[in-house]
Each structure stands twice: as C-alpha cells, then as structure tokens.
Amino acid sequence: MSLGRFAVKRSLQGIGVVWGVVTVVFALRFVTPGSPINAVAPLDASQETRQAIAAELGLDQPLYVQYLQYIFDLLRGDMGFSYIKGQDVVTLVFGRLPATIELAVAASVVAIILAIPLGVISATRRNEPVDYGATLLSLGGISTPNFWLGIMLILVFAVEFNIFNTSGRGVDVGDVALSLVGPEPVLGTLLTWLAYITLPAIALGTYFMALITRLTRSGMLDELSKGYVQAARAKGLPQTLIRYKHALRNTLIPVITVLGLQLGTLIGGAVITEAVFSWPGLGSLVIDSINDRDWPTLQGSLIVIGTSFVFVNILVDVVYAYLDPEVVND
Amino acid sequence: MPTDNDNHVDRRTVLKYAGTAGAVGLAGCSGNGGDGGDGSDGSDGSDGSDGSDGSDGSDGGDDAFEVGVTMGQMDSGLDPQDHAETNTEIIVGQLYEGLLDRDKEGGIIAGLANEWERTDDGSVRFMLRDGLTFHNGDDVTPEDVRYSIRRIVFEDVGIVSPQSNDLGSVSEVTTGDGQVTVSFEGYNPIAFQLFATNGPVMQQSWVEENGGDYINRNANGTGPFQLSEYDSGNEVLYEPFEDYWDGAPEVDELRMSASSESSTRVNQLLAEETDIVTNVPPNEVSRVEGSDVASINSVASARIIFLQMRYDVEPFSSQQFRQAMNHAVDVESIIESVLNGFGNITAQPTLDGHVGHNPDIDPYPYDPEEAERLVEESGHAGVEITLETPIGRYLRDVEIAQAAANQIDSLSNVSCEVEQREFSSLVQDVTAPNIEDRPHFNLLGWGNAEFDGSQTLTPLLSSSGALTVLENDELDGLLEDAEATEDPDERVDILQEANQLAHDLAPWVFMHQQFSVYGVSDDISWEPRADEFIDPDTATQQ
C-alpha cells in the first residue's frame, strides 16, 4: 500500500470515529438528567413559558429529527446556536480553541525542555544520585494530580511571592509576537504573557514531563546497549556525539510518537487545569456548558476536541508510516 | 485595583518581572546557557507602560481608578432581556437600566423615570427624565421604553424572554409626551416593585437593526458604564458613560471576570489582581481577614434557604410531623458551625425587610424532645425519610443538608439520610408540572428580587404555584385577597396573616436567610447590596 492510500484509509477511519463522537455526544443529552430549559427559564416559570422556550430551542421536535438536523447543520459547518450564551457555537468554540492550543503547546514545551535532558542524564548516569533524583521527580510528576499542583503553584508563586499571576490569560501569544517583531520591540508583553502562562503550563505539563523523562531514559538505555553504539565507541567517537547524534536520535522516534498523541490528550485534558487557573480555553467552556446544560456548545466543544485528537493521531500515524514503511504494510 | 503609584505594587511588579525573567532564564538553561542573561532584561518590564496588558490593572501606567470584579460565572450573553440569572444581570446591569431602581437595602428609587404614579384605572404611569441618551448618543424615547417592555412580555415582538414571568400580567403599554403608561390584566399591587427589578430599556431601532448574535456581544444601554471590550466567557471591560444622567462614575475602568473555583477567586483577591470577589466560602473567610490587602464585606441577601416537605405524601402529609421537623433542626447551630455566622434564622417565608414580613413570629425552638413527641402523635414513628439536596448551588448547601439530616436522624423515632443531586437534575423534579412528580423532601433556595412577600408565598406555597408543595384553601384565599387589595396597609396585614399561617402549617423546615459574602480589596471602599447585584459605580478609591 502506498503512503497516500494509507493516509486516505486512516482519514476515512478518522471520519468514522468523528461521526461516532458526534452521535455519542448527541445521545448523552438525552440520558443526562436535567433539562436545558431550566438553565434558561427562571425556577417559577409557567409551563407555557417552558413550552415556548422548548419550541424556540427546537427541543419539542422528535429525537431523530433533532439528530438529522444536527448532522445536516454540522456538514454545512453550523454547530448550532448556544441558547445560554446567545451566540453561534462555531464562534464560541473557535474563539476558545487558540487559548487551549497555546496552553497545550506551552505545557509541551515546558515538558520537553525539562524531560529530554533529564532523561538523557538519567540514562547516562544510571544508578547515580542524579538518576535517582530524576526518577523521584518523574514518579512525583506522574502521581501528582494536576489540579492540586496548580493550586499549590498559585499559593506559593502567585499569592505568597507575587511572582506570577494567579489566573487568567492576560495577553495572547499573537500580541507577544507582534510586540517583539515590531519596529520598536518591547519585552513587557512577553513578560506579561509569561506571568500568566508559566504556572498553568507547568501544572499541565508536569505529568507529560514525567512520562517523557521515563520514556527517554528507557529508550536511551536501550540504544546505548546496542551494537552500533559499541562499534562507535570502538571507533573512538566522542561520547557526546554517540549519545546525542546517534543514540538520542533513535530514542526520539517513539518519543515523538508519544508527543503527538499526548498533544491531543493535552488539548482535551486541560479541562481541570483551565478551571483552576480560569484559563479561557475550551476546557473552561466545557465545564460551563455542562453546568448550564448548554448542549449545543458542549457538543461543539467535544466534537472539536475529538476531531483534534483524531487529526493528531492520523498525522502521527502518517509520519510514523513515512519514517517506518513497515507500518504501511502491516 | 492597585496602580503604579502604589509602593506595594511596585514591589510586586519588580518581583513578577524578576520571576518571569527567571523563567526565561530557566527555559534558556536547557540548551544555551547564554540565554540566562535574559534575566537582566527583566528591568525592561518595570516600566509598566511597556506592557500592552490592559487587563492587568497592576501594570497600568497612571493613577487611573480601575476596579476588577470576579464572580463565579460569566454572563450568558449581553441581551438584557434574554436571561434570568444573577451573574448575567450583574454584567448587563452596568450597561442597561430600567424605569425604576433599588437602593442598597432594596428600597425603590428613581431610575430612568424620575416620577411615577398609579392612575385611576389601576395602570401605572412613569415620567421619563429629560435629556436621557443611550450610549450611542441617541435620545431615549417613550417608544423605546414601550418597545422594551413589550419585547419582554409579548413573544411576537422578538424573543421568548425568560423574564416574561416577572412582567407577565402586563396587558398593554402606551406612550405620551415624555411618559409611559403600563396597564395590567386586573389590578397589580406590586407594579412598582416589578419595575424596580425588571424591564431594562433598549433602543428599538438598535435592536431591530441588529440580530440576536450581535446584541449578545455588543451593548447600547443607558447605564453608568458603557462597553469597551467583550470577550465572551472570559472578561468584560467597561468605561464610564460620560453623559450618564446621574454623573459619570468615579471608576475609570471596570473589569468583570469569573472563576468557578472559589479558592481561585480568593487567590486573585489576595494577589491584588481583582478588587471584589463574590461568594467567599466560610472556610476562606479567615484567609481573607488575615491578609493585609483585603477584608470581608457581607450583607443579608434576599435569598431564603428552606427544606420543602410535600403535603400530599406520608409522613409529610401530617402537620404535626412537619412541625416536628422544624423542632428537630437546630438552625442557629448550623448557621454558627457550617456558615460561620453568615446567615439569619427564619420563621416564615417572607424575609425581614420585605413587604408582608410578620415581626411577631418566632422561629421554631430547637427541641428534640418536642419533635419526638410530635412524631409519635403524628403516627409516623419509625419512619425513614430522605432529604435531597443540590450540590454547590447555594452557600454550603450539602453541608447544611447533612447537618440538618443528622439532627433529624438523631431523633429516636425518625431515620433520615441525605441524597446529593446535581442541581439541574433536582430542579427538573422540583419544577415538574404535577406535584406528584416533585421530591418529597428537599433543600431549596429562593431569591425574592421584588422584596415583596407575595413573590415567595405565591410561587412556592399557593396551590397554583409553579414550585408549590402545599395546597391550603385558607392560604390561597389570603394570597388572592392580597393580590386584589389596593390599600397597601391592608395588603401588608393580609400578607402577615398569610405568613403566620405558613409558619403554623410548616410546609418547610424554615432554615435561614443566606448572606452574600464578598471579599473586598482594601484599595477600594464599597458596600454590598441586599439584592445580590454589584454596583461598582458606587465604589470609591481608598
């Protein structure tokens, strides 16, 4: 099978998964207790008012009509109208997506910057204090709930020492870029951006960091014991060259795969972190939508999260297939 | 919100920049040690004017008076007539106003109308102030007011407004020279109370020219603030409306944002990132009070908390059993231990200060022995009951329900347990069209925005009430009389009698009046209101 056909096949499978997500999310509305009408109408609203609101929201239609209408609208790029926010869901969801991507990427950067050097050092100095320290850090990172870590980071670094901001987004990364490349670059916007994003990025990225550290360490240990490394050493190549050019390069292939998959997880998994830091991303929108029974917005958000996940997976599969043609034949 | 001339903030700003510079340095350490030198650039940031961060008041470049308010939730769009909940009301209430308003204690005061009267046929007439303008500079006309009221009441005008219930008995609106007359289906004794709480005025042409999506993201009202930036679900920025009829507010910039986590709100306050935070939970109060940057400011709200008992199911069909439940719960101790004193014990559905409150009614005394005796007499000894409670809807609702249920359970002849339910799910049952489908025993809260006893008694305890758990002909008769009585004093007497009857019938375990608990920065002076609305235009700089 050619790489192109493989990509098409995986994309078609992805569309099937997205359709499944759409259907499950739509069905959830009908098995979850609580009506959206109660989120719109006051408690003492008359039955007439409730019925009028239901009719306005299209909730008085049969289930299959609502479903088919929703699928039809979705195919036209219409995710519906939020009766809670009074806005198009597309505007709402895509208005929040950049903040979530920004946080996910920042968390990944924090994780990668710390994890890969830590993993390499840990592997090259196996069973030394630095390895124990890195192992302990990884274990802590994997076992610490990120909401608790977030609260602790806020208490220490924002409230006690007033170094970072407790919550919110401040400025978006686009403004930072503009301020740096303008005719008179200013550092203030960058510093403000860092004051807001550093703590949530650490809170979200810690688990990720721990995972990559462990992965890098085991990968490096595996590679360093292989024959080509022994041969390189026998040839007298410098240790730094062997470790970083040869061993680390090979180690990074599975690490990149996990990175790709985890980026999708980060986009969907930032819900708690966004709530703790009042980060105005998709996660906060999901929580608000659940509390308000704002089904159109919740459906739209989950579909975007699900689609992002599927898209990243397909991308990783295709890249992996490109790197390792055996995958295509399998 | 602190400004650059504040020494404390200078320290904070320096620390922040040093810290962020450190973060840059830390990031740089991974690959190129030389990047750590960026830390020295932190000095660039000490010039607040460099930052384009308009949202962080601490970085402001002058001595502007900026106020930040952090609530639990953001708005549901900016259409002032298409919502029915407090957070949205607070956000849009800065931009839009009605004909009448309320003072901090809930008393009726002038709004866009500076005079109001009842006409001979029972209608109400409002005289508009001279020179009123919308934020876009256009004059406010009586036709705009007519359109606004009709848009709420009549579906064919534009929307199905969730506020239609509040003005539902309006039958027609007519206009005259600088005045608006509102007629009702029959006599409406609380017409002015209704218009002091409801009926924000919008410009007819502006609404008709723009779609719902636009109206929910933009604003054109008459309020003390006008919209400067709207970031849906994140924050709303306001600037003073210079042509405001009562003079532009002292506040130069107002920022409204939200955080669903109460600890995050308190952290923002203590880090001096905001000035007013709502719903500080009792367990966070000492943290705020112990700080040197903020303090607690609380006020008795217009919300009553109670345990509903359905009159048509055993054991609650017995008046003795219902009274026994009132004797079994030690409300004073719950207020003290669960709410840290932030609550007032109640004895009747109407709160102190509201029209119709009966000052002669005392709360049921905590008396477990009397409770056990009444249970025996009711014939329901040994009964097992379940108290359903929402989770997180009201201040410490679950803890209150658990404490009350424990006290009931400690009676020798009643067993009681708690069932926690997500509010949206519980409210679906509480508002079920038929009383047979409603919960038997549940905790609920009720806000009375009109400050009139009938607005609690009628929906919650009259036979036709949307949320009723009681059917009593005598109470129904009293409420009908109150509705039809034109003499205000006589009406108060009737409502007081209705409250006495409600106390005796005991359809609820009368719990407490909820407090609104705010954390307020020491940089500002601001007093909270009884109606849960937040009015930053009354804040002054300390």
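In the predicted model, helix 7 (residues 146-160) of chain A and helix 9 of chain A meet through A:Asn146, A:Leu149, A:Gly150, A:Leu153, A:Ile154, A:Phe157 and A:Ala158 on the side of helix 7, and through A:Leu199, A:Pro200, A:Ile202, A:Ala203, A:Leu204, A:Thr206 and A:Tyr207 on the side of helix 9. By class, this contact comprises eleven nonpolar and three polar residues, with no charged residue taking part. The axes of helix 7 and helix 9 of chain A come within 9 Å and cross at roughly 145°, and the crossing is right-handed.

The contact is formed by A:Leu282, A:Leu285, A:Val286, A:Ser289 and A:Ile290 of helix 13 of chain A, together with A:Thr297, A:Leu298, A:Ser301, A:Val304 and A:Ile305 of helix 14 of chain A. Seven of these residues are nonpolar and three are polar, and none is charged.

Helix 13 of chain A, which spans residues 282-292, is mostly covered, with eight of its eleven residues buried. The buried positions are A:Leu282, A:Gly283, A:Ser284, A:Leu285, A:Val286, A:Asp288, A:Ser289 and A:Asp292. Just after helix 13 of chain A, A:Arg293 takes a positive phi of about 55°.

Considered as a whole, chain A contains 15 helices and two strands, and its C-alpha atoms fill a box of roughly 85 × 60 × 45 Å along the principal axes. Of the 330 residues in chain A, 45% are buried. Among contacts in chain A between residues at least 6 apart in sequence, 73% join residues at least 24 apart.

The domain assignment divides chain A into domain 1 (15-87) and domain 2 (89-326), and the centres of these domains, taken over C-alpha atoms, are separated by 35 Å. The contact between them takes 19 residues from domain 1 of chain A and 18 residues from domain 2 of chain A. On the side of domain 1 of chain A that touches domain 2 of chain A, helix 1 (3-31), helix 2 and strand 1 (81-82) of chain A each supply at least two residues, and helix 1 of chain A gives the most, with seven residues. By class, the residues on this side of domain 1 of chain A divide into eleven nonpolar, six polar and two charged.

Between the chains, 60 residues of chain A are in contact with 60 residues of chain B. Helix 9 (residues 188-224) of chain A contributes seven residues to the side of chain A that touches chain B, the largest share of that side. The residues on this side of chain A comprise 31 nonpolar, 22 polar and seven charged.

In chain B, an open sheet of four strands has the order 4-5-7-6, with antiparallel pairing. Strand 4 (113-118) and strand 6 (170-176) of chain B stand at the edges and each has a single partner strand, so one side of each is left without a neighbour in the sheet. The twist averages 20° from one strand to the next. Strand 6 of chain B is joined to strand 7 (residues 179-184) of chain B by six bridges, the two strands running antiparallel, and B:Thr174 stands opposite B:Thr181 in strand 7 of chain B. Helix 3 (residues 142-153) of chain B packs on the sheet, where it touches strand 5 (124-128), strand 6 and strand 7 of chain B; the direction of helix 3 makes about 170° with that of strand 6 of chain B.

Elsewhere in chain B, B:Glu284 is found in helix 8 (residues 282-289) of chain B. This residue, B:Glu284, is buried, because 22 other C-beta atoms lie within 10 Å. Not counting residues up to four places away in sequence, B:Glu284 touches B:Ser262, B:Ser263 and B:Val266.

Definitions and conventions: Residues are numbered from 1 along each chain as its sequence is written. Chains are lettered from A and ligands numbered from 1 in the order in which they are written. This is a predicted model: local features need pLDDT of at least 70, side-chain atom pairs count only at pLDDT 80 or more; totals for chains, interfaces and linings use all residues. A residue is buried if 20 or more other C-beta atoms lie within 10 Å of its own, exposed if 12 or fewer, and partly exposed in between; C-beta atoms are placed from the backbone. Two residues are in contact if their C-beta atoms, placed from the backbone, lie within 7 Å. Ala, Val, Leu, Ile, Met, Phe, Trp, Tyr, Cys and Pro count as nonpolar, Asp, Glu, Lys and Arg as charged, and the others, Gly among them, as polar. Axes are lines fitted to C-alpha atoms, for helices over the stretch in contact, and angles run from 0 to 180 degrees between N-to-C directions. A crossing is left-handed if the near helix is turned anticlockwise from the far one by less than a right angle, and right-handed if clockwise. Domain bounds come from an automatic or database domain assignment. Two strands pair if DSSP finds at least two bridges between them.
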